[in-house]
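Have the coordinates open as you read.

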Amino acid sequence: MAAESLLKVESVETYYGNIRALAGVDIEVNKGEIVSLIGANGAGKSTLMMTICGSPQARTGSIIFDGEDITKLPTHLIARRRIAQSPEGRRIFPRMTVYENLQMGAGLDNLKYFSEDVEKIFTLFPRLKERQSQRGGTLSGGEQQMLSIGRALMARPKLLLLDEPSLGLAPLIVKGIFEAIKKLNQEEGLTVFLVEQNAFAALKLSDRGYVMVNGKVTMSGSGKELLANPEVRAAYLEGGRH
Amino acid sequence: MEYFIQQLINGLTLGSIYGLVAIGYTMVYGIIGMINFAHGDIFMLGGFAALVVFLIATSFFAGIPVALLLLLMLLVGMLMTGLWNWTIERVAYRPLRGSFRLAPLITAIGMSIVLSNFIQVTQGPRNKPIPPMVTDVFHIGGITVSLKQVLIVIITAVLLFAFWYIVNKTPLGRAQRATEQDRKMAALLGVDVDRTISITFIMGAALAAVAGAMYLMYYGVASFNDGFIPGVKAFTAAVLGGIGSLPGAVLGGLLIGLIESLWSAYFSIAYKDVATFAILAFVLIFKPTGILGRPEVEKV
């Protein structure tokens with residue numbers, strides 16, 4: 001099967017004021033793949049996720065999504081091209097109910113599928129169903145993570161961006177979330193690009209992976225290759241979980 | 001006792017008007033965190049728009065039914081002030097978003113001065129009277145209730161319900177609340193943040209226009225200066241209720257209206273504004289979050 005490119009990031013540089021956070025990043029995600037991006041704190045992983053969504057915009061380079069240049073599009077128009085993100089820090093609307101948070105995820109275009117889609121999310125994360133009329137701000141960290149992913153899925157995304165879905169969660173919940181991602185990928189062909197600190201779990205799940213250091217991609221390869229790579233092992237895996 | 005109930009009714013009427021204006025303050029504060037000091041003048045513009053409609057309609061169509069006239073005054077006022085407030089946000093506030101916090105506040109005060117001077121120049125500095133439109137009164141026991149008071153309370157209640165429905169039950173209202181709570185995340189979910197903020201200004205202005213038209217109907221005069229004292233009182237109402245809280249704005253408006261009429265009735269009418277603004281001072285000192293306001297800390 002010829003890989004069809006869905007997202008192509010080419011020599012992108014992003015600045016916060018005068019500080020360069022991304023120093024020429026090239027990344028490609030093909031349709032139907034799970035691709036992960038690993039790297040230490042402050043390497044620029046989350047910045048890349050947000051740059052794809054145009055907030056902040058890339059200063060140089062280009063981002064091509066589904067054959068269209070989205071580099072200079074405003075964030076909400078990028079979102080409407082069905083790139084959904086579960087961002088760093090989850091960013092649940094604290095004073096909206098779980099149900100309303102999911103409604104927000106559906107946007108305007110997908111409200112017609114709402115009842116069908118919300119059932120799917122509730123099957124995937126039964127906990128959210130129990131909590132549906134509770135305010136987002138009162139959920140536990142794990143529940144907020146589920147809600148954040150669920151909200152992103154409500155957009156019926158072509159590309160799902162997940163920023164640290166495992167952060168701060170109990171291992172059992174992490175396992176559940178990763179299984180859910182895998183299932184969506186296999187059953188519905190959902191394309192996923194995820195950022196993870198939990199490099200072992202992420203690479204095991206992924207078709208391909210990239211390693212980021214100081215705003216640059218230093219290594220790439222299939223999930224298996226990176227897992228076996230001694231440098232990756234030394235930097236991101238040894239001392240972690242095996 | 002009858003006197004007291006009479007004052008309650010007067011206070012409720014006045015409070016409805018303050019409440020409608022206070023919503024505009026509180027919504028704009030909620031969504032972009034600035035006090036739109038020009039909002040009082042938007043209220044005044046609403047009164048003048050209604051005045052102009054009244055004059056045109058009564059001189060060209062002498063026999064126009066009062067209900068239709070009132071409806072026209074409200075609708076044209078809402079449209080005009082909506083457009084005004086939209087323009088103000090566009091030219092005076094949006095370019096300063098992301099600037100230091102004081103900047104939009106200063107331009108807001110500037111816009112307030114521009115608007116009141118504009119009306120002073122174009123409409124003249126004198127009070128503009130209109131003949132009474134609605135004159136019916138009901139006598140219940142020893143209490144007098146005028147039809148215009150009833151109208152004001154009913155129109156306010158209907159608008160508040162419509163408004164509550166929009167904010168809590170429609171996709172637009174959800175987008176507004178999302179923008180208020182996390183602008184960046186709202187954009188990530190496809191919400192056009194700029195448009196949502198514009199609509200918020202238009203909605204706030206429309207409510208203020210209704211309040212302005214009703215103020216004109218109630219007192220029978222409009223003045224270029226009306227944006228100031230009633231405007232600041234509505235702002236006091238918003239602060240008292242808890243700035244950022246919609247139910248708070250209504251509650252604050254009613255309370256300010258009641259306090260003002262009861263104070264005038266039992267103490268001194270000359271000091272009614274002092275009483276209102278003393279409340280503003282006390283609230284700011286002892287409970288800056290207001291009655292229904294929430295503290296800034298939020299578990300996320």
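A crossing of two helices is left-handed if the near helix is turned anticlockwise from the far one by less than a right angle, and right-handed if clockwise. Keep that in hand for chain B. The model is predicted.

Start with the helix pair. Two packed helices are described by the angle between their axes and the distance between the axes. Helix H1 of chain B covers residues 2-32, and helix H5 of chain B covers residues 147-169. Their axes come within 9 Å and cross at roughly 35°. The crossing of H1(B) and H5(B) is left-handed.

Which residues of H1(B) and H5(B) meet? H1(B) brings Ile9(B), Leu12(B), Thr13(B), Ser16(B), Ile17(B), Gly19(B), Leu20(B) and Ile23(B). H5(B) answers with Gln149(B), Ile152(B), Val153(B), Thr156(B), Leu159(B) and Phe163(B). By class, this contact has nine nonpolar and five polar residues, and no charged ones.

Stay on H1(B) and look at Gly15(B), which is found in this helix. Is Gly15(B) buried or exposed? It has 28 C-beta neighbours inside 10 Å, and therefore counts as buried; the cut-off for that is 20 or more. Beyond four places in sequence, Gly15(B) is in contact with Gly253(B), Leu254(B), Leu255(B), Ile256(B), Gly257(B) and Leu258(B). Ser264(B) is 249 residues away along the chain, yet the two C-alpha atoms are separated by 14 Å.

Now step back to the whole of chain B. It has eleven helices and four strands. Its radius of gyration is 19 Å, close to the 19 Å that the globule rule gives for 300 residues, so chain B is as compact as a globular protein of that length. The C-alpha trace spans about 55 × 45 × 35 Å along its principal axes. Of the 300 residues in chain B, 48% are buried. Take the contacts in chain B between residues at least 6 apart in sequence: 77% of them join residues at least 24 apart.

Next comes the contact between the chains. Chain A gives 21 residues and chain B gives 18. On the side of chain A that touches chain B, helix H2 (75-80) and helix H3 (98-106) each supply at least two residues. That side divides into nine nonpolar, eight polar and four charged residues.

Finish in chain A, at Ser62(A) in strand E4 (residues 60-65). Ser62(A) counts as partly exposed because it has 14 C-beta neighbours inside 10 Å. Setting aside residues up to four places away in sequence, Ser62(A) touches Glu10(A), Asp69(A) and Thr71(A). Lys182(A) lies 120 residues from Ser62(A) in sequence and 29 Å from it in space, C-alpha to C-alpha.

Notes. Residues numbered from 1 in each chain as written. Chains lettered and ligands numbered in written order. Predicted model: local features only at pLDDT ≥ 70, side-chain atom pairs only at ≥ 80, totals over all residues. Axes fitted to C-alpha atoms, helices over the stretch in contact; angles between N-to-C directions. Contact = placed C-beta atoms within 7 Å. Nonpolar A, V, L, I, M, F, W, Y, C, P; charged D, E, K, R; others polar. Buried ≥ 20, exposed ≤ 12 C-beta atoms within 10 Å, placed from the backbone. Rg over C-alpha atoms; globule rule 2.2 N^0.38 Å.
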